[in-house]
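Colleague: I have a few minutes before the meeting. Can we go through this model together?
Modeller: Go ahead, here it is.

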Amino acid sequence: VCFMTSRYELQTSSDNWRKAMDNCETRGGYLVRIQSVAEQNFINATFTTTAWIGLSDTATEGTYVWQDGSALAYTNWATGEPRNGGRDDCVRWNAGLNAWQVVRCNNRMPYIC
């Protein structure tokens, strides 16, 4: 599925965040990087499954960056997010909330490349 100049693929196999990241890179891409309200609205309208996105604070606690190294310019955090501290470092898009949540990276779920 395409939006603007990007192609999006929902991978329905359930993997942890690192494996999802590696699988997207093997396909020549990245876990999805959501950069605007328009792109978030596209994701909300196109996909119905909670999935990993390419955002984490694994390098520095509390500093969220995209898998490709780009800075965080747009956010769509769920109420009470982001939760910092502990072992919750990776971000999923929650389809039911249409918002982002920080969860443990070893959780397994589908992902969007």
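Colleague: The disulfide of cysteine 24 and cysteine 113: why is it left-handed or right-handed?
Modeller: The torsion about its S-S bond is about -80 degrees, so the disulfide of cysteine 24 and cysteine 113 is left-handed. Keep in mind that this is a predicted model. The sulfur atoms of cysteine 24 and cysteine 113 are 1.9 Å apart.

Colleague: And which parts does that pair tie together?
Modeller: Cysteine 24 sits in helix α1 (residues 17–26) and cysteine 113 in the segment after β8 (109–112), so parts 89 residues apart in sequence are tied together. Both cysteine 24 and cysteine 113 are buried.

Colleague: How many disulfides does the count come to?
Modeller: Two disulfides. Cysteine 90 and cysteine 105 form a disulfide as well, with their sulfur atoms 1.9 Å apart. The link of cysteine 90 and cysteine 105 is right-handed, with 90 degrees about the S-S bond.

Colleague: Where do cysteine 90 and cysteine 105 lie?
Modeller: Cysteine 90 is in strand β6 (residues 88–94) and cysteine 105 in the loop between β7 and β8, 15 residues apart. Cysteine 90 has 0% relative accessibility, so it counts as buried.

Colleague: What is the pairing if you number the bonded cysteines in sequence order?
Modeller: The pairing is 1-4, 2-3.

Colleague: Aromatics next. How many aromatic pairs does the structure hold?
Modeller: Five aromatic pairs. In one of them, tyrosine 8 and phenylalanine 42, the ring centres are 5.0 Å apart and the planes are at 55 degrees, so the pair is tilted. Tyrosine 8 belongs to the loop between β2 (6–7) and β3 (10–15), phenylalanine 42 to helix α2 (residues 37–46), and the two are 34 residues apart.

Colleague: Is tyrosine 8 buried or exposed?
Modeller: Buried, at a relative accessible area of 4%. Phenylalanine 42 is buried too, at 13%.

Colleague: What about tryptophan 66 and tryptophan 100, what sort of aromatic pair do they form?
Modeller: Edge-to-face, at 5.7 Å centre to centre with 85 degrees between the planes. Tryptophan 66 is in strand β5 (residues 65–66) and tryptophan 100 in strand β7 (residues 99–104), so this pair ties together parts 34 residues apart in sequence. Tryptophan 66 counts as buried at 3% relative accessibility, and tryptophan 100 is buried with a relative accessible area of 0%.

Colleague: Which residues form the aromatic cluster?
Modeller: Tyr64, Trp66, Tyr74, Trp77 and Trp100 form one cluster.

Colleague: Last topic, the backbone. Where is the cis peptide bond?
Modeller: A cis bond joins glutamate 81 and proline 82, with omega about 0 degrees. Proline 82 lies in the loop between β5 and β6. Most peptide bonds are trans.

Colleague: And what is phi of asparagine 98 near?
Modeller: Near 50 degrees, a positive value in a residue other than glycine. Most residues other than glycine have a negative phi. Asparagine 98 is in the loop between β6 and β7 and counts as partly exposed, at 31% relative accessibility.

Technical notes: Residues numbered from 1 in each chain as written. Predicted model: local features only at pLDDT ≥ 70, side-chain atom pairs only at ≥ 80, totals over all residues. Heavy atoms only, no water. Phe/Tyr/Trp six-rings, centres within 6.5 Å; stacked < 30°, edge-to-face > 60°. Helix = DSSP H or I, 4+ residues; strand = E, 2+ residues; numbered from the N terminus. Buried < 20%, exposed > 50% of the residue type's maximum accessible area, 1.4 Å probe, protein only. Disulfide = S-S within 2.5 Å.
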